[in-house]
Amino acid sequence: MKILIDADGCPVVSETIKIAAEFKINVLLLCDTAHIMQREGAETIVVSQGADAVDFALVNRVVNGDLVITQDYGLAAMVLSKQAYVLNQNGFQYTNENIDSLLHTRYVSKKIRNAGGRVKGPKKRQKLDNTNFENGLRNLLTSISL
């Protein structure tokens, strides 16, 4: 198992690397040339800028049993099709049971925006969100390790 992070704008890179080290799991950061980052304890893979370039690079590297950290529903759906685990930045696990509903909600929101409507955006990130992420990640890794 390895952990792959959709690192462009991911707020929990450091937390993931710290917890992965506790479980002795390798971490790959995938980002494009506009968001290059290097972090001790992780390997960085940089891809060219382009629509979904990081997503496709990540999907091409993920295998059954890996864990992906992303907030992108479309990427999550592709990862789930490869029998890998997916967690968002708040510790919420995307599963085959909830991904269709999430994708539908995204589709409806986009239709509203395209028609000139407004939809509520995400709340400002708080410290509790990081705590929830860390708990979710630890719980998932513990359950996988059993």
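Q: Which residues in helix 2 meet helix 3, and which in helix 3 do they meet?
A: This is a predicted model, to start with. From helix 2 come Asp55, Phe56, Leu58 and Val59. They meet Leu75, Met78 and Val79 in helix 3.

Q: How does that contact divide by class?
A: The contact of helix 2 with helix 3 has 6 nonpolar residues, no polar ones and 1 charged.

Q: At what angle do helix 2 and helix 3 pack?
A: About 15°, with their axes 10 Å apart. Angles under 35 degrees count as roughly parallel, so helix 2 and helix 3 are roughly parallel to each other.

Q: Is their crossing left-handed or right-handed?
A: Helix 2 and helix 3 cross in a right-handed way.

Q: Now helix 3 and helix 4. At what angle do their axes cross?
A: Roughly 155°. The axes come within 10 Å. Helix 3 covers residues 73-80 and helix 4 covers residues 99-114.

Q: Does that make them roughly parallel or roughly antiparallel?
A: Roughly antiparallel, because angles over 145 degrees count that way.

Q: Which residues make the contact?
A: Helix 3 gives Tyr73, Gly74, Ala76, Ala77 and Leu80. Helix 4 gives Ile99, Leu102, Leu103 and Arg106. By class, the contact of helix 3 with helix 4 has 7 nonpolar, 1 polar and 1 charged.

Q: And which hand is the crossing, left or right?
A: Helix 3 passes helix 4 in a left-handed crossing.

Q: Switching to helix 1. How does it pack with helix 5?
A: The angle between helix 1 (residues 13-23) and helix 5 is about 25°, and their axes are 10 Å apart. That makes helix 1 roughly parallel to helix 5.

Q: Which residues make that contact?
A: On helix 1, they include Glu15, Lys18, Ile19 and Phe23. On helix 5, Phe133, Glu134, Leu137 and Arg138 are among them. The contact of helix 1 with helix 5 has 5 nonpolar, 4 polar and 5 charged residues.

Q: Which element gives the largest share of the lining?
A: Helix 4, with 5 residues. Helix 4 and helix 5 (127-145) are the elements that give two or more residues to the lining of the largest pocket.

Q: How does the lining divide by class?
A: The largest pocket is lined by 8 nonpolar, 8 polar and 8 charged residues.

Note on methods
Residues numbered from 1 in each chain as written. Predicted model: local features only at pLDDT ≥ 70, side-chain atom pairs only at ≥ 80, totals over all residues. Heavy atoms only, no water. Axes fitted to C-alpha atoms, helices over the stretch in contact; angles between N-to-C directions. Helix = DSSP H or I, 4+ residues; strand = E, 2+ residues; numbered from the N terminus. Parallel < 35°, antiparallel > 145°, perpendicular 65-115°, else oblique. Left-handed = near helix turned anticlockwise from the far one by under 90°. Contact = heavy atoms within 4.5 Å. Nonpolar A, V, L, I, M, F, W, Y, C, P; charged D, E, K, R; others polar.
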